[in-house]
Amino acid sequence: MNNYVVATIKDWNIAQYNKRTPAYNGNWHLITDKKELTYSHLKHLNPKYIFFPHWSWIVPEEIIHNFNCVCFHMTDLPYGRGGSPMQNLISLGHTTTKLSALKMEESIDTGPIYLKRALSLEGTAQQIFLRCSALTFDMIQFIVNENPEVTPQEGPVTAFSRRNPSQSVIDTNLDLDAIFDHIRMLDADSYPKAYIKHGKYKLEFTNATKNNGALTANIKLTLFE
């Protein structure tokens with residue numbers, strides 16, 4: 001029976017792993033700590049695939065070269081290679097995207113594609129991540145069952161840059177629709193929330209809704225550090 005590994009750090013992916021993999025074919029192993037992702041440990045497990053749904057560290061070349069490493073990127077590759085794909089897509093006005101499952105290479109997001117699936121960008125970042133997580137494990141199950149061949153990425157390359165926390169500040173010159181998108185695209189656990197600096201205070205915005213030309217949201221007020 002084949003062994004499989006899922007390496008992830010996000011609670012929503014860990015929850016999906018615990019819920020879904022008991023019904024999947026093979027023996028499944030979960031890695032949530034960078035220290036556990038070692039060549040010696042993986043060589044002992046000898047997995048057919050290692051899946052990386054949201055992993056925040058560079059995977060060592062020794063692992064990439066010796067195992068079938070599959071990562072997931074929230075764009076229709078090669079469009080949108082790079083960091084913060086969901087926030088960059090929403091900032092550009094996209095309402096839908098593709099989740100790409102690709103074979104990991106040393107270069108970021110350049111590997112050939114196993115499959116793509118449509119993904120809505122409606123709702124808060126947390127809602128999108130939860131939806132993406134469920135879709136990711138659907139795709140993992142498909143790869144395990146069907147062993148699809150990879151195909152090279154095709155089309156023009158568009159690169160995204162990883163966002164930094166200072167970009168979470170709200171530009172008050174934007175219209176309400178753009179401010180709404182800015183708030184919701186940052187509204188997820190462990191992400192820096194959209195904010196406005198007012199004097200010595202920082203006002204963070206979450207749970208935004210629009211109704212009749214008005215925007216309402218929860219506000220958290222703290223001293224600006």
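The points below walk through selected features of this predicted model, from its salt bridges to its loops and surface.

1. Salt bridges across the structure. A search of the whole structure finds five salt bridges, and three of them are taken up here, beginning with the one in which the side chains of Arg20 and Asp138 meet at 2.2 Å, N to O. This pair links distant parts of the chain, since Arg20 belongs to helix H1 (residues 11-20) and Asp138 to helix H5, 118 residues apart. Arg20 is buried, with a relative accessible area of 16%, whereas Asp138 is partly exposed at 37%.

2. A salt bridge inside one helix. The side chains of Arg184 and Asp181 also meet in a salt bridge, at 2.8 Å from N to O, and because these two residues stand three places apart in helix H6, about one helical turn separates them. In general, an α-helix has 3.6 residues a turn, so residues three or four places apart point the same way. Arg184 counts as buried at 6% relative accessibility, while Asp181, with a relative accessible area of 23%, is partly exposed.

3. A further charged pair. Glu204 forms a salt bridge with Lys202, and the closest N and O atoms of this pair are 3.7 Å apart. Glu204 is buried because its relative accessible area of 16% falls under 20%, whereas Lys202 has a relative accessible area of 21% and is partly exposed.

4. Helix H5 and the residue after it. Helix H5 (residues 125-146) has 22 residues, which at 1.5 Å a residue should span 32 Å, and its end C-alpha atoms are 31 Å apart, in agreement with that expectation. Just after H5 comes Asn147, which takes a positive phi of about 45 degrees.

5. The surroundings of Asn88. Asn88 is placed in helix H4 (residues 85-91) and is buried, with a relative accessible area of 15%. A polar atom of the Asn88 side chain lies 2.9 Å from the backbone oxygen of Gly83. If residues up to four places away in sequence are not counted, Asn88 touches Gly83, Phe160 and Ser161.

6. Lys34 and two tryptophans. Lys34 sits in the loop between strand S2 (27-31) and helix H2 (39-45), where it counts as partly exposed at 48% relative accessibility. Leaving aside residues up to four places away in sequence, Lys34 touches Trp55 and Trp57; the C-alpha atoms of Lys34 and Trp55 are 9.0 Å apart in space, although the two residues are 21 residues apart in sequence.

7. Backbone details in the loops. His54, in the loop between strand S3 (47-52) and helix H3 (61-66), has a phi near 75 degrees, a positive value in a residue other than glycine, and this residue is partly exposed, with a relative accessible area of 25%. Ser190, which lies in the loop between helix H6 (176-184) and strand S9 (194-198), likewise has a positive phi of about 75 degrees although it is not a glycine, but Ser190 is exposed, with a relative accessible area of 61%. Elsewhere, a cis peptide bond with an omega of about 10 degrees joins Leu77 and Pro78, and Pro78 is found in the loop between strand S4 (69-73) and strand S5 (79-82).

How values were computed: Residues are numbered from 1 along each chain as its sequence is written. This is a predicted model: local features need pLDDT of at least 70, side-chain atom pairs count only at pLDDT 80 or more; totals for chains, interfaces and linings use all residues. Side-chain values use heavy atoms; hydrogens and water are left out. Helices (H or I, at least four residues) and strands (E, at least two) are DSSP runs, numbered from the N terminus. Buried means under 20% relative accessible area, exposed over 50%, partly exposed in between (1.4 Å probe, protein chains only). A polar contact is a pair of N or O atoms within 3.5 Å; within protein, one must be able to donate a hydrogen and the other to accept it, and residues adjacent in sequence count only if both atoms are side-chain atoms. Contact means heavy atoms within 4.5 Å. The expected span of a helix is 1.5 Å times one less than its number of residues. A salt bridge is a side-chain nitrogen of Lys or Arg within 4 Å of a carboxyl oxygen of Asp or Glu.
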